[in-house]
Each structure stands twice: as C-alpha cells, then as structure tokens.
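Welcome, and please open the structure in your viewer. We will go from one selection to the next and look at what is there.

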Amino acid sequence: MKGIVRASKFRHVFGKTVRKEDHYDNIMPGSSAPDSNLCDVNTKYFGLPWRGGGGPFVVWPLAKTGRLPAAVPMLSGHGGPVMDLAFSPFHEEVIASASDDCTVKVWEFPVDGPTEDIHASSLSFGGHTKKVILVRWNPVADNVLASVSFDNTVKLWDVTRGSEAYSFSDHPDAIQAIDWNFFGSKYATYCKDKKVRIIDPRNNVAAASFDAGHQGTKGAKVCFLGDRKIFCTIGFSKQSERQIFFWDERDTSKSLSELQIDIASGTLIPFYDHDTSLLYLAGKGDTNIRYFEIEDDAPYQHYVAMFSGKDPQRGICMQPKRACDTHNCEIAKFVRLTANSLEPVSFTVPRKGDHFQDDLYPDCYAGVSALSASDWLQGQNARPVMQSMRPGDTGTR
C-alpha cells in the first residue's frame, strides 16, 4: 500500500570516521593486488603489506593509534610481494600470507604484537606453481586454510598437520574471488570465465556452476549471505556499470534480482553482517561505503545509506562484531586504507538510554572453532559458535 514505511530497526544507520588522533599514520603500503582487500584486521591488530624488498608486512596493535615509527617491526620471509593477508578467526596472534613467490605462509607472533622483525614463519606451503593471490580461513573448522593462485587452483591446507588436504583444479582461467559459506562446508569462486562455482571441497567437486551474467571484463566478487539460501555476485556490465545480482543456491538457472549501482572503475568489495542482515559495499578508489539491508523476499535488498570519507580507499577490512562498542550502539567497524593512513570507520544506530539494546545485538560470531581440522576433513559439519554481545556475558552458544 502506498505510503507505508518499511519497518526496520536499521533504517537509520550512520557511519563516521573516528577522530584524527585515532587514525594510524605514516603507513607505507606495499603491493596493490587488484583482487585482494590488501589489509586485514581482527579485534586486536591490523595487518598490511609493507613497502620494501622480500615481501614484508606489518602487524600492528589497534590500541597504538597515531603515527607508526619509521623502524616498524616487520614480518619478512617471502621472496616476493605479499598479495593478501588473513588473520585466523580463532587465534588472534596467527596470520596467513599469500605471496608473489608462489607460497602461502602461516605466522605466529607475540601477544601485544611483534616488537622486532620476524623472519621465519611457523609454516610454509609451496604447492602452487604461480603467484598466490588470496587466502581465506574456514569460519567453523580450526586450522583449515584455502588459497587461490594464478595457476587456476584452489588448495586447502591442514595447518594442524602442515600438509595439503585438497586441490581443486577445474577452473579454466584466473580465479578472482573466493568466499566460504556460513557453515564452512562449501566455498564459492568467481572465475574470469564469468562463471560462479560452488565447490564441495571434501568431495572435490563443483556442486553448482553457472554463468553469473556480469559481462564486463573487470574483476567480480561472490558473497554468501549468512545462513540464507540466497547469495550475491558483484561485477560490471559491458558499459562499466557496477552491478549486484542475487541468486538462490537451490536454483541458479536465473538470477532472483539485479541492481545497477553506478558507473565507476573500482571493484566493489562486499562485507556481510549476519547479525544485522546488512551488506556493505566498498569500492577500491571510492571514498564511500554503501550499505543495504538484505531479506529473503523480492527485491532482496533495500538501500539504507552511504558513508562518505575524504580520501579514496586503496583497501578496506571489517572488524569482528565482538569488537563493537555496545554502549554507543555501534553495529559495525571498518578500517579504510588510504594513500598513507589507516582510518577506522564506525557505524552506529542512534538510541536513547544507557541500557543494552537487545534488538540490535543478537548473538554474534564468537571466534571459537566448532570443529577441529581433522573432524572437518573427515566430513563433519557444524554451525559457527556464537556468543552474547551483552557486557559481562562471556558464554558461548
């Protein structure tokens, strides 16, 4: 009926950059990998490829804001530039790196961050034959790591045993994106042949393969939307329009809905918050972050608003929900990489009163593994372990 306003507690979400003294300055980012977020962040640290020979990168405590020292401690064991970084979802002081030197490395560093250069990784995997561009940890099983290479393969590594578990090699061209589903039981890839493949990794087969319909030649992304049966792809039209298409995992013969966003050159990077059903889209080279509320029925998305910053972003990453400040009704935290700084961005829902807002904070991802690597590799599945956001409640579900 005309005139009825859609009910949603997230109709008014506001993003803003934190004050200047809480930025991270004197940043010297290294590689500019087109398919990577470039940086990563967890509840305690950020990681960033750094300028210099030998493929160094920096892990820095978020509590130490301001100007980084000229002689910042670095992790440097690669023989080429670092293309991607990913913190372990279950161990705050563990990070994986993908490099131009064809290797994947896993690093452990001291609590509170490195205080001196680290030259030796804990593990090094050398199974790829061309540069490795992406690394992604399984969100449910401990120590299961996926890597994507220009050799057109996706490899799964058992970090507990230090060995390769599976290798999927049925992509005919370069892989541009990878995303695990909510349960860590499958992953999806977007390939340069414009097809999405949903892979059953333990049977090493594509459970689904279909043309995603983005006809542009630039990079594209695929993103699962929590435990929903729908997921989305983000790409370009032939006219360089940036698009988002929604799909039903049970029937990929045609898209559910298509949205043309704008005309720009930067690839849109998706971040989905399962707790709030908000999908954030941030484009490389853009100064803004758009966000949409996702639902199960047509049109599947509702535009909420857009955060606009001052400087273009070279990369961007989203903190785990448990890092949010519930007292200030903060529902999301991002870190934007600009030319020489990292800028935290906070998204809040204005509310009156100091009490805990139960409706804004359902149980969130706890950062605790539900399965061991061996259990997962033997075929077990599980839901992610969740925890309450209520201050003082440390129990998991």
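Leaving aside its neighbours within four places in sequence, which residues is F334 in contact with? Select F334 and check: the contacts are F271, Y280, I316, C317, M318, E343, P344, V345 and F347. Keep in mind that you are looking at a predicted model.

**The cores**

F334 also takes you into the largest nonpolar core, which has 26 residues. Colour V13, Y280, I331, F334 and F347 next, as these have the most contacts inside that core. Then show the strands around them: β23 (268–273), β24 (278–283), β25 (288–294), β26 (301–308), β27 (315–318), β28 (330–337) and β29 (341–348) each supply at least two residues of this core. Apart from this core lies another one, of 18 residues; select A141, V154, L156 and I175, which are among them.

**An arginine in a loop**

Now go to R228, in the loop between β19 (221–224) and β20 (230–236). Is R228 buried or exposed? Its relative accessible area is 18%, under the 20% cut-off, so R228 counts as buried. Show its side chain, and you will find a polar contact with the side chain of D296 at 2.7 Å. The R228 side chain makes another polar contact with the side chain of Y272, at 3.1 Å. Beyond its neighbours within four places in sequence, R228 is in contact with Y272, S277, I294, E295 and D296.

**Along the hairpin**

Follow the chain into β20, which forms a hairpin with β21; four residues lie between the two strands. Stop in the turn at S240, where phi is positive, at about 65°. β20 and β21 are antiparallel, paired over seven bridges. Select I234 and you will see its bridge partner in β21, I244.

Stay on I244 and look for L259 in β22, which stands opposite. Here β21 and β22 (residues 257–263) run antiparallel, joined by six bridges. Why is β21 largely enclosed by the rest of the structure? Seven of the eight residues of this strand (residues 241–248) are buried, so β21 is largely enclosed.

**A three-stranded sheet**

For the last stop, select β3, β4 and β5, an open sheet in that order with antiparallel pairing. The edge strands are β3 (40–41) and β5 (57–61), each pairing on one side only. β4 (residues 45–49) pairs with β5 over five bridges. End on F46, whose bridge partner in β5 is W60.

Definitions and conventions. Residues numbered from 1 in each chain as written. Predicted model: local features only at pLDDT ≥ 70, side-chain atom pairs only at ≥ 80, totals over all residues. Heavy atoms only, no water. Buried < 20%, exposed > 50% of the residue type's maximum accessible area, 1.4 Å probe, protein only. Polar contact = N/O pair within 3.5 Å; in protein donor to acceptor, adjacent residues only side chain to side chain. Contact = heavy atoms within 4.5 Å. Pairing = 2+ DSSP bridges. Core = buried A, V, L, I, M, F, W, Y, C linked by side-chain atoms within 4.5 Å.
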